[in-house]
Amino acid sequence: MVLRRLDSAQRAGEEVLALIRGSSVNQDGRTNGIMAPSGEAQAHVMARACRNAGIDPATVDFVEAHGTGTRLGDPMEAEALASVYGSVRPVGDPCLIGSVKSNIGHLEGAAGVASVIKTVLALRHAEIPRTPLSTELNPEIPWDTSGIRLATEHTAWSEGSSPRRAGVSGFGYGGTVAHLVLEEAPAAPVPPVAPPRTELDGLRLFPLSAASDAALRAYADRLAEWVSDRAGAVSLDAVGRTLSHHRSRLNHNAAVVARDEHELIARLRELAAARPDPGVVTGTVAAEFGKGLVWVFSGHGSQWRGMGRELLAVPEFAAVVDEVEPIFLAEIGFSPRQVLIDDEIDGVDRIQTMIFVMQTGLAAMWRAYGVTPDAIIGHSVGEIAAAVASGALPLADGARLICRRSILLRRVAGNGAMAMVTMSLRDADEKLGGRTDLVAAIASSTVSSVLSGDPSAIEEVLAQWPDDGIGVRRVASDVAFHSPHMDPLLAELAAAGADLDYRPHSVRMYSTALLDARAEPAADAEYWVANLRNPVRLAGAVEAALADGFRDFLEISPHPVVAHSIRETLGESGIDDAFVGTTLRRDVPEQQAFLAALGTVHCRGLLVDLDRLQPPAAQADLPGYAWQGRRLWHAPSVAGRVPGQGHAATSHTLLGTPSTVAGSDLRIWNTVLVDENRPYPGSHALNGAEIVPAAVLVETFRQAGVLGDAAIELAGVAMRHPLLTDGEREVQVVHDPDRGLLRIASRTPGEDPEQEAAWLIHAEASSVPVAAGVPLPTALDDPAARRMFPVEPGVVHQRLAAVGVPETGFEWRVEELLFGADVVRARVRVAAGGSATWAPVLDAVMSIAPAAFGGEPVLRMVVQIDDVRCAGEPADEVIIEVALDPKRTDVVDGLVASTDGTVIARVSGMEYPVIDRPVEDDSAAGSALSGPVLSLENLTTEQVRELIAAEVSGTIAAEMRLPDPADLNPRRPLLEQGLDSVMTVTIRKKLEKRFGHKLQATVFWQQPTVVAIADHLTEMLTA
C-alpha cells in the first residue's frame, strides 16, 4: 500500500484507489485493565476523524470495525459506532459494519492495514463484502434500534448524493484507538492525447527490471501473455510509460525495442526464453559506480555502406549534417547528406570525413537522450570528433580540420598497408628492431597492436609471424597511418590547423597521441601533427581512465572498432565490474540499433532521459512482479535419522555406525553420504556426475564380510546401480552371515518426512571363507612369453579421459605399461599413505581393465565380478595384469603381484559391457527404434514437455516390459522402479534416435525420474 498526496499522484499519472479524507488517533485512558476497551474513547476518536475530514457522519455508509470478537469488546464497539454513525442514519437505512477478521483471522500487527486494504477494495469495486458468521448475531447488541447492521451478505454500494465513504477502526493492545475516514477515488483526469510517434520510426524502448535473472525472464513471459490477451486494445505508450516511470529499478534489467504489439510480444518471448535477439538487451546494475561515463570515438574502419541514411530522419543527427554541409562543400567539394543518401563511401577522404559526420551526429543523439560524457577518448581520426565533443573545437572547425586532413591523405592513399598482431606495442616495436618500412603504429590494448608501413612489409608479416605463434590479421586500409608515410603531409597539416578556434575543454579528454594520456590534448595545430604521425596509445588512455576511477566506456561510432580492445585492456587490469557499450552495428537497422544501445546503458544503471524515451501517457494496469517463491518448509535431514557418526571419509568404505537385529546374526552399518564426506580422496566423475568408485564398494564388502580372524574372499559381486554423491543419501550396508550375503543400499528422503522412502540396492556379493576358494597363482607369467611390448604409461589415463572420466577416485600412477595380445600389464605406484586399505589398488585394477579391450576408447563400466581375493596387506607399488577371458565377451581377469612377481590378489571375471557407443553400432537399440526424429515445430514449450514425457514413459515402459506406461510413477526414481544399468543404455540410445540429440551416459543418474528427464530434454530441445 502506497500513500501519496493526491495532486502528486495525479501529476505522475498514478492510479488513485481511494482518498484518506481524515484521521484521528487517541488513547482510551484509564480502564479496568490493559486489554479492557473504552467505548467513550472509541466514539470520541470516530467523531474527531469525521470533523478532521470535514464530512457529515451520515454520509458514511460502511465502517470496517476492529471486531475484537470478545463478549465485552464487540457490544462496546457497536455502541460507539451507533452513537457516531447509527444515530444519524435515516430509519430503514442503517450504516453497514463488518470486520475482515472473520475472513482471515487476527493478523496482530497487520490487522489494521488489512482492514484498510479491504475497505479500499470495497470502495473501488462499489461492493461491501459480507462478514461470515459461524453463530447467531450477538444478542447483547440492540441491532433493531442502533442504526447499524452487520453486512452478512454481499451488498452493492449504490451511488448517492455524495461520494462513497467508509470508516476504518483499529485498536492497539495498550489502549491506542485509531480511525480513518476513506472516500472513493475522484475521477481520473483525462490524459493528454499523445501525438503520433514519428521519432525513431515509431520504435519504442520498453525497460524491464527484476531482482534476479529468473524473475526478469518470468516477468517478460508474463507481460507477453498480458499484451497478447489484450491485442488491439493496448496502448503501447501507456505500457512503455508505466514500465519506465512506475516500476522499481532493480539489479537485473532488460530493454526491448519494438514498434508494435506483434514485435513487442515476440521479443518479450525471446527474452523469456533467453534466446538472442537484436532488439533485446540485458544487463546488471553496477555494484559500485565509477566516476562516470567515458565516450570513446574510434578511428578508421567503422564505416559501412548505408550508414547514416536512416538517421537523417532523426532531428538531432540531421541538424549536425546540415550544419557541416556548407563547410564540406567549401572545403572538400561534396555534400555529406548526399554521400549518406548515395552510399558513396569510397576513398580515404570520404571514409574519414564521413566517420567524423557520423560520430558528431551520434554524439548529438546521445546527448538528446540524456546520455552525456564525464570524460572522452579519441582514437586516431576519432580525436577530431572527440575534440568537438569535449568543447576544445567548435563543430564548424572540426569539420574544417577533417576536410583539410582528408585532402592531404589522398596523396598517400594506395601506398600503404596495416595489420593487427596479438602482441603489445612495446613487444611489436622490439620485434621490428628499428625497421623504417614497418612500424608499430597503434597500441590497441595491452595485448594487441597494429603495424603500419609498406605493403610488401605487411605481406612479410602476414606470411612469417604466424609461424612464431603470433596472431596476424590484415586491416582494411591502403594508407599507412601513424608511420613515416605521413611525414610529407605534416607541415601542411600544421598550417591547416593554425586558424582554428581552440577553446578550453568543457569535458576532460585523455590523449592517445601523446606519451602522457593526461596531457592537454587538441590545444593547437601541432597536436594534430602528433595525432597523425605518432603511435595511437589507446591502451594507455584507457589505463589512465581506469586509474582515475572510470569504469564505464561507450564507443561512439557507426560500427564497433575499439570496444574489443577496451575489453582486452579491462581484462588485463583485473577489473571485473566494468561496462563497454557500443552505438550502431554494420547492416543492423540504425534506429533499432541506437535504441538497443540506449537500452544497454539503461540496463547498466547509467542515466538516460526516460521522459524522452517514454513521454507522458496514462498508466497501464500491467501484471505484477514475478515473485520467485522458495519452499521454506523444514524437512529433517537424513543425518538426523541415522545414529552415530557414520563412516569415516578416510576409511575407503561406507561402513558407518554398526548395529544388530534382535534374534539374528544380521549386521547393519548405517551412514549418510554427501559429496563432502565421500570415502575416497580424488574425484570419480563420469561426464560430470560424481560416482562412488566400484573399488570402494568392493572394499566395503571385504571389511564387512570378516567374522573374527577368518579370512574371506568375495564371490558373485553384482554392481546393480551407480551410487552418486550428489544430494544427501542414507546408506545401509547389510551382512547376513547365515547366508553369506552382503548388500549396499541407499535411499533419499521424500518430500513427506512421514513417508518411508524405498531402498535402492547398489551392489550385492557373497562372502566365502578363503579355505573354500581357489588358491592364488604363485607368480605372473614371463611378459616375453606373452609378447608384451612397452607403451607410453599415460595411455591408461588418456583412454579414461577420452570417455568422460578425467580423474580417478584414488591417487595412483602407472610407472611402466606393457601391452600384449589381449593383455595389459602395469607397474603401479600408489600415493604415499594410500595403501592403508586395498581400495586404491583395486581402483587401479578396475581402471586399467578397460584398456585390455583395445581399439578406440569406449565407455565401459564393471557390472559383475566373479571373485575377489586379497592376501595380506596391500603394497605401495604393485604389478597389475589384466587379460581378456577368451571364452566370454566383455569379461577380463585381473591379478595383482608384488614387485618380485608374487601374486597377492585376484579380481577375476570382471564384466565390462559398453555403456556408451555410437547409435549405428548399437544393435540392441537399433533393433527397436521408436521411429523417425520427432517434429516439435509450432508447439508451445508446455506441449513439447507433454509430448516428451509421453515418449520417455512409453520407451521406458516398453523396455521394462510394463503393460502400460501409466504403471510408471513419473516422480519416483526409475532405478527404484526396476530400471537397471543395462536397460538405461538401450533406452538412452532409443531416445537419442527419437529426439535427434546426443544424451550423456549419466542422464538417468542425474535426471532420475520421468519428470526430470522430460524437463531436461525439453530444455535441451527448446534452447
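## A friendly note on pockets, a sheet and a few residues

1. Let's begin with open space. The largest pocket has a lining of 37 residues, and Met-1, Val-2, Leu-3, Glu-15 and Leu-17 are the ones that lie nearest its centre. A pocket here is an open set of points on a 1 Å grid over the protein atoms alone, with protein on both sides within 12 Å along at least five of seven lines; a cavity is a set of points where a 1.4 Å probe fits but cannot get out, and lining residues have an atom within 4 Å of a point. Please keep in mind that this is a predicted model, in which local features need pLDDT of at least 70, side-chain atom pairs count only at pLDDT 80 or more, and totals for chains, interfaces and linings use all residues. Residues are numbered from 1 along each chain as its sequence is written, and side-chain values use heavy atoms, leaving out hydrogens and water.

2. How much space lies in the largest pocket? About 1,300 Å³, where a volume is the space filled by probe spheres set on the grid points, joined across faces, edges and corners. At least two lining residues come from each of α1 (6–11), β1 (18–27), α5 (111–125), β7 (165–171) and β8 (176–184). Helices (H or I, at least four residues) and strands (E, at least two) are DSSP runs, numbered from the N terminus. The biggest share of this lining, seven residues, is from α5.

3. The lining of the largest pocket can also be sorted by class: 22 residues are nonpolar, eight polar and seven charged. For this count, Ala, Val, Leu, Ile, Met, Phe, Trp, Tyr, Cys and Pro are nonpolar, Asp, Glu, Lys and Arg are charged, and the others, Gly among them, are polar.

4. Rolling a probe the size of a water molecule over the atoms shows where empty space is left. Searching the whole structure gives three cavities of 30 Å³ or more. The largest cavity has a volume of about 580 Å³. Its lining has 33 residues, with His-684, Arg-860, Met-861, Val-862 and Tyr-912 nearest the centre. Two or more lining residues come from each of β23 (685–686), α22 (694–704), α23 (795–802), α24 (839–848) and β32 (859–860). By class, the lining of the largest cavity has 25 nonpolar, four polar and four charged residues.

5. Next, look at strand β9 (residues 204–210). Is it mostly covered or mostly open? Mostly covered: seven of its seven residues are buried, where buried means under 20% relative accessible area, exposed over 50%, and partly exposed in between (1.4 Å probe, protein chains only). In a regular strand the side chains alternate between the two faces of the sheet. In β9, Arg-204, Phe-206, Leu-208 and Ala-210 are buried on one side, and Leu-205, Pro-207 and Ser-209 are buried on the other.

6. Which strand is joined to β9 by seven bridges? That is β10 (residues 252–258), and the two run antiparallel. Two strands pair if DSSP finds at least two bridges between them. Within β10, Val-256 stands opposite Phe-206, and Ala-255 is the bridge partner of Pro-207.

7. The open sheet has three strands in the order β9-β10-β11, with antiparallel pairing. Because β9 and β11 (280–284) stand at the edges with a single partner strand each, one side of each is left without a neighbour in the sheet. On average, neighbouring strands of this sheet are turned by 20 degrees against each other, direction ignored. Helix α8 (residues 261–272) lies across β9, β10 and β11 and runs at about 150 degrees to β10. Helix α20 (residues 590–604) also packs on the sheet, touching β9, β10 and β11, and its direction makes about 15 degrees with that of β11. For these angles, axes are lines fitted to C-alpha atoms, for helices over the stretch in contact, and angles run from 0 to 180 degrees between N-to-C directions.

8. Ala-525 lies in helix α17 (residues 525–533). Ala-525 counts as buried because its relative accessibility is 11%. Leaving out residues up to four places away in sequence, Ala-525 touches Ala-494, Gly-497, Ala-498 and Tyr-502; contact means heavy atoms within 4.5 Å.

9. Finally, a look at phi. Most residues other than glycine have a negative phi. Ser-380, not a glycine, has a positive phi of about 60 degrees. Ser-380 is in the loop between β13 (375–378) and α12 (382–389) and is buried, with a relative accessible area of 7%.
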